[in-house]
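Okay, thanks everyone for coming. Let me put the structure up and then walk you through it.

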Amino acid sequence: MTRVVVVGDLMTDAVARAKFPLARASDTPAVVTMHGGGSGANIASWLAVEGSEVAFIGRRGADITGRNRDMELMGYGVDARLVMDPERPTGTCVVLVTHKGERTMLSDPGANAALSPEDLPRDLFGGGGHLHMSGYTLINEGSRDAGLAALDMARRSGMSISVDCASSAPLERTGAEPFLEWTDGAKLLFANTDQAKVLTGRDDPAAAAKVLTAWFPQVVIKLNAEGSLWFSNNRPEPVRAPAEVVDRIVDGTGAGDAFTAGFLPVWLDGKPAAEALAAGNALAAKCISNLGARPRL
């Protein structure tokens with residue numbers, strides 16, 4: 001089994017689900033719940049619960065929420081390598097869910113923005129391992145040096161590397177060219193349709209994936225209700241897998257992270273892309289059937 005090292009963001013998600021259309025500049029009844037979050041931490045949690053050996057590198061505040069997030073990761077079985085920031089709070093994301101299920105996120109990275117190259121444990125970087133880099137770490141200017149250092153250490157030690165695109169809006173603000181330059185050398189890219197369009201300008205996911213294989217040998221595009229596809233730079237056509245049928249969608253937060261955690265172990269084991277896509281789709285379906293972006297403890 002390949003050990004996976006995840007470098008990324010650790011957050012607390014405050015999820016507010018509106019019962020009615022939002023009454024702008026007034027009150028709207030809602031159900032508000034608190035959950036562990038952060039794309040990188042979510043991926044590490046799902047990987048650990050599904051049986052992978054996984055370490056997570058990140059930064060938290062010296063506050064109660066940071067301690068709770070740290071304990072959660074250990075409860076999932078993650079080797080949590082969290083540096084405690086004495087000044088910045090643990091990151092927080094306010095997730096606004098409309099009565100129709102549309103999500104809008106307001107993010108305060110907090111301590112995540114101070115992740116530095118000195119925070120990277122050298123013992124986790126070695127041949128035979130795999131590094132998964134959260135795009136948020138690269139997009140955030142404060143943590144970018146740490147992300148670039150981790151990628152460089154992984155390359156030098158012979159680790160395989162995968163990268164995700166974080167979120168379309170901050171990716172667009174950052175720009176496609178810098179992101180592609182920073183992630184040079186990664187073997188696998190994860191993106192959804194919006195992120196792939198930001199990077200390539202292509203509306204069609206398969207066309208976008210084909211363009212992206214000029215930078216990444218393999219590309220996975222998450223297609224939401226249509227499943228997912230994989231494209232390699234040595235194949236003429238993509239491999240597709242349909243989404244699993246879900247009786248009731250409880251919460252879509254973190255589904256993409258769960259997909260990544262389902263895909264990676266099968267892919268790292270050298271199994272066919274169709275099997276890896278199916279495993280990713282299955283774990284995404286499991287995630288959206290639960291409340292919150294993490295597995296149930």
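So, a quick one to start: which residue in strand 7 does threonine 92 stand opposite? It's aspartate 108.

Before I go on, the ground rules. This is a predicted model, so to speak of local features we need pLDDT of at least 70, side-chain atom pairs count only at pLDDT 80 or more, and totals for chains, interfaces and linings use all residues. Residues are numbered from 1 along each chain as its sequence is written, and side-chain values use heavy atoms, with hydrogens and water left out.

Back to that pair. Strand 6, residues 91–97, and strand 7 run antiparallel, joined by 6 bridges. They belong to an open, mixed sheet of 4 strands, ordered 3-2-6-7. Strand 3 (30–37) and strand 7 (103–108) are the edges, each with a single partner strand, so one side of each has no neighbour in the sheet. From one strand to the next, the twist averages 20°. On terms: pairing means DSSP finds at least two bridges between two strands. Strands are DSSP runs of E, at least two residues, and helices are runs of H or I, at least four, numbered from the N terminus. Angles run from 0 to 180 degrees between N-to-C directions, with axes as lines fitted to C-alpha atoms, for helices over the stretch in contact.

Overall, the protein has 10 helices and 13 strands. For 297 residues, a compact globule would have a radius of gyration near 19 Å, and this one comes in at 18 Å, which agrees; that's over C-alpha atoms, and the rule is 2.2 Å times the number of residues to the power 0.38. UniProt, in an unreviewed entry, lists residues 1–294 as "domain: Carbohydrate kinase PfkB"; those positions are in the numbering used here, feature names are shortened, and annotations may be inferred rather than shown by experiment.

Strand 11 (218–222) and strand 12 (228–232) are antiparallel over 5 bridges, and isoleucine 221 has leucine 229 as its bridge partner in strand 12. Contact here means heavy atoms within 4.5 Å.

Isoleucine 221 comes back when we look inside. Where does it sit? Among the residues with the most contacts inside the largest nonpolar core, which has 43 residues. Helix 4 (144–157) gives the most to this core, with 6 residues. A second, separate core of 19 residues includes Trp46 and Cys287. A core, by the way, is a set of buried Ala, Val, Leu, Ile, Met, Phe, Trp, Tyr and Cys residues joined through side-chain atoms within 4.5 Å. Buried is under 20% relative accessible area, exposed over 50%, partly exposed in between, with a 1.4 Å probe and protein chains only.

Last stop: valine 266, in helix 9 (255–268). Buried or exposed? At 19% relative accessibility, valine 266 counts as buried. Beyond four places in sequence, valine 266 touches Lys271, Glu275, Ala276 and Ala279.
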